Amino acid sequence: MGKGFFNVPIAINEPVKSYAPGSPEREEVLETYKNMFNSQVDVPLYINGEYVSTGNTRTMSPPHDHQHVVGTYHVAEQSHVEEAIATALEARKTWALMPWEQRAAIFLKAAELVAGPYRAKINAATMIAQSKNIHQAEIDSACELVDFLRFNVQYMTDIYAEQPESTNDAWNRVEYRPLEGFTYAVTPFNFTAIAGNLPACMALMGNVVVWKPSDSQVYSAKVIMDIFEEAGVPAGVINVVFGDPVMISNTVLSSPDFSGLHFTGSTFVFKELWKQIGNNIHTYKTYPRIVGETGGKDFIVAHKSANPKQVATAIARGAFEFQGQKCSAASRAYVPAGIWEEVKAFLIEDIKSFKIGSPENMDNFITAVIHEGSFDKLAKYIDQAKADADAEIIVGGGYDKSKGYFIEPTVILTTNPKYATMTTELFGPVITIYVYEDEAYADTLKLVDETSEYALTGAILSQDRYAITQATTALQNCAGNFYINDKPTGAVVGQQPFGGARASGTNDKAGSAQNLMRWVSTRLIKETFVTPTDYRYPFLGE
Ligand code: NAD
């Protein structure tokens with residue numbers, strides 16, 4: 001077979017399209033949305049390159065129109081999960097040996113399929129399944145997914161190029177092989193890009209995967225699988241099972257061949273899976289790799305020197321885009337008394353201008369939250385804030401689930417910096433603000449650090465470089481992604497590798513070489529050219 005040190009295409013971020021009125025992309029995505037919304041799709045499991053109908057189905061409905069059915073998906077029995085594991089292990093025999101440039105070509109092709117022929121479809125599926133407005137769908141399911149696929153290929157070659165020193169008489173080489181066994185990807189509802197990236201990046205590194213998407217993201221997961229299939233991912237390399245997460249995880253995690261968990265979702269679920277892996281540790285042939293990106297209670301701190309309009313904009317965008325359902329969404333803010341009245345006026349004005357409704361109407365900035373469980377939880381906290389003496393709702397506070405799960409963007413003002421909504425991840429369009437005395441900046445930074453178990457994202461807004469320095473130091477451990485004079489959301493692959501510590505995850509930074517390193521095992525090969533024939537060293541003398 002011909003050989004070469006191949007250069008991969010230089011990864012560039014996929015440009016975000018505008019979808020402005022009259023643009024061709026707007027017409028195309030709206031037409032695709034209408035067609036998908038008004039038809040029925042059937043989503044089977046995908047095992048060994050075959051679509052598997054189990055007969056046990058559940059319906060799929062858009063969160064913004066929950067009585068409208070857009071299709072059904074099939075639920076796995078334990079035997080399907082076992083089949084997925086067996087088929088993955090069989091596929092590993094050839095996939096792990098496939099030259100890296102062939103694997104790279106498959107995922108680079110997948111990137112171009114997303115960027116081109118599938119762009120409208122994957123965006124429309126994300127608008128329907130997860131109620132994203134078109135801008136949120138575009139930056140997630142089109143651009144971020146493309147970026148993950150392109151940049152990971154580049155990072156893979158960076159990893160392979162990382163080699164030890166050698167000498168004239170000994171050549172040292174490191175080879176990076178996939179993990180022995182199979183890997184397990186468990187993905188959340190909120191990013192189509194994460195759903196695609198978690199199984200894809202492990203497969204890119206030569207692993208085989210059982211992938212369990214979220215029940216609330218099945219429609220867009222199906223489009224991802226169609227793309228992977230068309231891009232040439234061979235049968236058995238990525239297998240998709242839907243259904244009871246406990247049964248699926250129990251089956252996967254009790255296999256002796258389980259070798260890695262790539263999880264994104266809530267903290268509690270990740271800790272339970274970690275515990276289960278610990279309990280099964282004597283079962284496994286190898287120590288499993290565990291990577292998890294989990295919850296957050298992301299903050300914005302304003303210093304008294306901050307520009308009030310900039311603070312209000314950071315809160316309006318950082319807390320409410322995609323209904324506050326980004327893991328990075330700001331959900332607690334600390335504003336000094338000296339600028340609060342101005343910040344408050346700008347913020348209320350902004351929020352009152354938000355239009356709320358279906359993503360099909362492109363005037364809408366805010367759409368529905370993901371499901372009834374999320375709606376009910378948010379409504380409960382909003383009602384509690386209305387009743388509590390140490391909380392006051394200054395804008396929003398309404399909710400209505402008659403047609404879709406709509407929660408008004410809500411700002412709670414509290415006099416208690418440890419108030420329930422300052423500490424608990426709500427995952428919705430609700431932010432709580434605590435106003436501090438201008439001179440209590442250092443104490444407030446300490447408060448920010450100590451208030452939550454999480455450490456995902458956070459932002460400082462200030463015109464004072466000493467205050468910025470002070471916050472950067474004081475908040476070192478409480479945000480994996482820290483923003484200066486910006487909102488704490490919107491990380492871009494290749495620019496801001498993403499992940500948090502403490503209860504927010506293992507901080508392995510999605511979309512980086514650091515993450516891909518978790519999915520390979522290394523072998524050092526030392527080859528000596530002139531092999532010694534005498535055991536004696538010179539120090540032994542004659
Ligand atoms: P979730 O924890 O409810 O679900 C995530 C996945 O875990 C889904 O596939 C789900 O079916 C599965 N799951 C649920 N219960 C399980 C169980 N008992 N055993 C095994 N699997 C189980 O999370 P979600 O609502 O889909 O997503 C929102 C959460 O994800 C938030 O906490 C958010 O902060 C977090 N998140 C974090 C990041 C990050 O990068 N840190 C990114 C996106 C989302």
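Predicted model: local features only at pLDDT ≥ 70, side-chain atom pairs only at ≥ 80, totals over all residues.
**Entry 1: helix 3 and helix 5**

I began with helix packing. Two packed helices are described by the angle between their axes and the distance between the axes. For helix 3 and helix 5 I looked up an angle of about 165°, with the axes 8 Å apart. Angles over 145° count as roughly antiparallel, so that is how helix 3 and helix 5 sit relative to each other. Their crossing is left-handed.

Next I wanted the residues in this contact. Helix 3 brings Trp100, Arg103, Ala104, Phe107, Leu108, Ala110, Ala111, Glu112, Val114 and Ala115. From helix 5 come Ser141, Ala142, Leu145, Val146, Leu149, Arg150, Val153, Met156, Thr157 and Tyr160. Sorted by class, I get 15 nonpolar, 2 polar and 3 charged residues.

**Entry 2: helix 3 again, now with helix 6**

Helix 3 also packs against helix 6, which covers residues 192-204. Here the axes come within 10 Å and cross at roughly 155°. Helix 3 and helix 6 are therefore roughly antiparallel too. Arg103, Ala104 and Phe107 of helix 3 touch Ala200, Ala203 and Leu204 of helix 6. The classes here are 5 nonpolar, no polar and 1 charged.

**Entry 3: helix 2 and helix 8**

How do helix 2 and helix 8 lie relative to each other? I found helix 2 at residues 78-95 and helix 8 at residues 245-253, packed at about 40° with axes 10 Å apart. That makes the pair oblique. Helix 2 passes helix 8 in a right-handed crossing. Gln78, Val81, Glu82 and Ile85 are the helix 2 side of the contact, while Met247, Ile248, Thr251 and Val252 are the helix 8 side. I noted 5 nonpolar, 2 polar and 1 charged residues for this contact.

**Entry 4: the second largest pocket**

Then I turned to open space. The second largest pocket holds about 1000 Å³. It has 29 lining residues, and those closest to its centre are Trp100, Tyr160, Val174, Glu175 and Tyr176.

Helix 3 (100-115), helix 5 (134-161) and strand 6 (170-178) each supply at least two lining residues. By class I wrote down 17 nonpolar, 5 polar and 7 charged.

**Entry 5: the cavities**

How many cavities of 30 Å³ or more does the structure hold? I got 2. The largest cavity has a volume of about 100 Å³. Of its 15 lining residues, Gly324, Ala329, Ser331, Glu425 and Phe427 are the closest to its centre. The lining of the largest cavity splits into 7 nonpolar, 4 polar and 4 charged.

The second largest cavity comes to about 40 Å³. Its lining is Val43, Pro44, Tyr46, Tyr51, Ala221, Lys222, Met225, Val240 and Phe242. Helix 7, at residues 218-231, gives the most to this lining, with 3 residues. I noted 8 nonpolar, no polar and 1 charged residues for the second largest cavity. Lys counts as charged, so Lys222 is the charged residue in that lining.

How values were computed. Residues numbered from 1 in each chain as written. Heavy atoms only, no water. Axes fitted to C-alpha atoms, helices over the stretch in contact; angles between N-to-C directions. Helix = DSSP H or I, 4+ residues; strand = E, 2+ residues; numbered from the N terminus. Parallel < 35°, antiparallel > 145°, perpendicular 65-115°, else oblique. Left-handed = near helix turned anticlockwise from the far one by under 90°. Contact = heavy atoms within 4.5 Å. 1 Å grid on protein atoms, 1.4 Å probe; cavity = no way out; pocket = protein on both sides within 12 Å on 5 of 7 lines; lining within 4 Å. Points joined across faces, edges and corners; volume = space filled by probe spheres on them.
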